[in-house]
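Hello,

I am passing a structure on to you, with some notes on its pockets below. Please have a look at it first and then read on.

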Amino acid sequence: MAQAAAVAKQPAPPRRRRASATPRRLPYLLIAPAALLMLGFIAYPVISVFYYSLQHFNPTKPWRNGFAGLDNFRQIFTDDPQFWDTLTFSAKWVFVEVGLQLLFGLALALIVNQTFVGRALGRALVFSPWAVSGVLTSAIWVLLYNSQTGITRYLADLGIGSYGTSWLSDTSTVFPAVVVADLWRGVPFFAILILADLQSVSKDLYEAAEVDGASRLKQFWHITLPHLKDAIILSTLLRAVWEFNNVDLLYTLTGGGPAGETTTLPLYIANTSVESHNFGYASALTTVAFVILLFCSMVYLRLSKFGGESK
């Protein structure tokens with residue numbers, strides 16, 4: 001009986017309190033306002049473009065506004081040769097620019113990754129064009145290509161070419177001229193990303209390769225390039241999208257001319273909406289451009305095996 005009474009007098013174990021769900025949800029609640037705001041800024045324009053792509057919408061001709069269905073898309077693919085011309089030039093522009101920027105950016109990254117006197121200053125000079133805005137870059141190259149005070153004036157003083165020559169007005173020189181202007185700003189982007197990835201390559205790999213008698217070329221091919229694979233894939237994809245959507249540089253330098261020689265698809269869309277006020281047709285063009293970019297990006301990532309192991 002005494003033992004039973006002692007057991008009865010023992011205090012009951014404390015009840016476990018249920019963990020509140022609020023602390024677990026608190027991080028999501030804190031970021032919810034910013035996430036909703038960003039979603040609104042992204043989702044609303046995208047939905048608006050898709051909506052207006054199915055409409056005839058021109059504020060200067062309100063009597064023609066209304067539901068268009070797929071008429072805008074039918075016109076793009078069957079009755080608009082300028083669409084195919086600008087799409088072809090866009091593909092050429094992206095291929096040339098991204099290819100050359102990758103080549104020169106990789107070379108610069110390998111150079112500034114070496115140890116030499118003044119390396120910090122050299123890196124700053126290499127990376128500085130990337131800090132310049134697109135509008136300022138365009139202004140710089142407009143002055144450099146000016147026929148009265150630019151490069152062609154000084155070349156004419158040396159007996160190369162003639163006075164008053166404008167590379168941006170000649171169909172045979174305008175494409176190389178705008179390519180060089182965009183290279184000046186685009187190369188540092190690749191150099192920065194590739195150099196950042198080069199910093200993580202273990203020097204032991206190169207030392208082991210030298211012991212085995214591997215040449216510099218073999219070290220680059222079998223050690224450096226495989227390590228840079230994902231950085232190169234990601235940087236080329238990002239830069240390809242940016243170059244495809246490049247409007248400010250081409251618009252400032254050439255306005256799409258001469259004779260439409262440098263009109264990309266985004267520039268054609270801008271002219272259609274801003275100058276012609278045909279927002280419905282411009283929205284349809286934007287939708288087509290979005291689908292093209294999305295499809296090409298997915299195929300590129302699939303074929304390049306981004307994130308996979310290098311063999």
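**Lining of the largest pocket**

The lining residues of the largest pocket divide into six nonpolar, six polar and six charged (Ala, Val, Leu, Ile, Met, Phe, Trp, Tyr, Cys and Pro count as nonpolar, Asp, Glu, Lys and Arg as charged, and the others, Gly among them, as polar). This is a predicted model, where local features need pLDDT of at least 70 and side-chain atom pairs count only at pLDDT 80 or more, while totals for chains, interfaces and linings use all residues. Residues are numbered from 1 along each chain as its sequence is written, and side-chain values use heavy atoms, with hydrogens and water left out.

A pocket here is an open set of points on a 1 Å grid over the protein atoms alone, where a 1.4 Å probe fits, with protein on both sides within 12 Å along at least five of seven lines; lining residues have an atom within 4 Å of a point.

The largest pocket holds about 680 Å³ of space. It is lined by 18 residues, and Asn113, Gln114, Lys203, Tyr206 and Arg216 are the closest to its centre. Helices H5 (119-127), H9 (203-211) and H10 (216-244) each give two or more residues to this lining, and H10 gives the most, with five.

The second largest pocket holds about 400 Å³. Among its 17 lining residues, Val94, Ala240, Val241, Leu293 and Cys296 are the closest to the centre. Its lining has 13 nonpolar residues, four polar and no charged. H4 (81-112) supplies the largest share, seven residues, while H10 and H13 (279-304) each supply at least two.

Best wishes

Terms used: Grid points are joined across faces, edges and corners, and a volume is the space filled by probe spheres set on the points. Helices (H or I, at least four residues) and strands (E, at least two) are DSSP runs, numbered from the N terminus.
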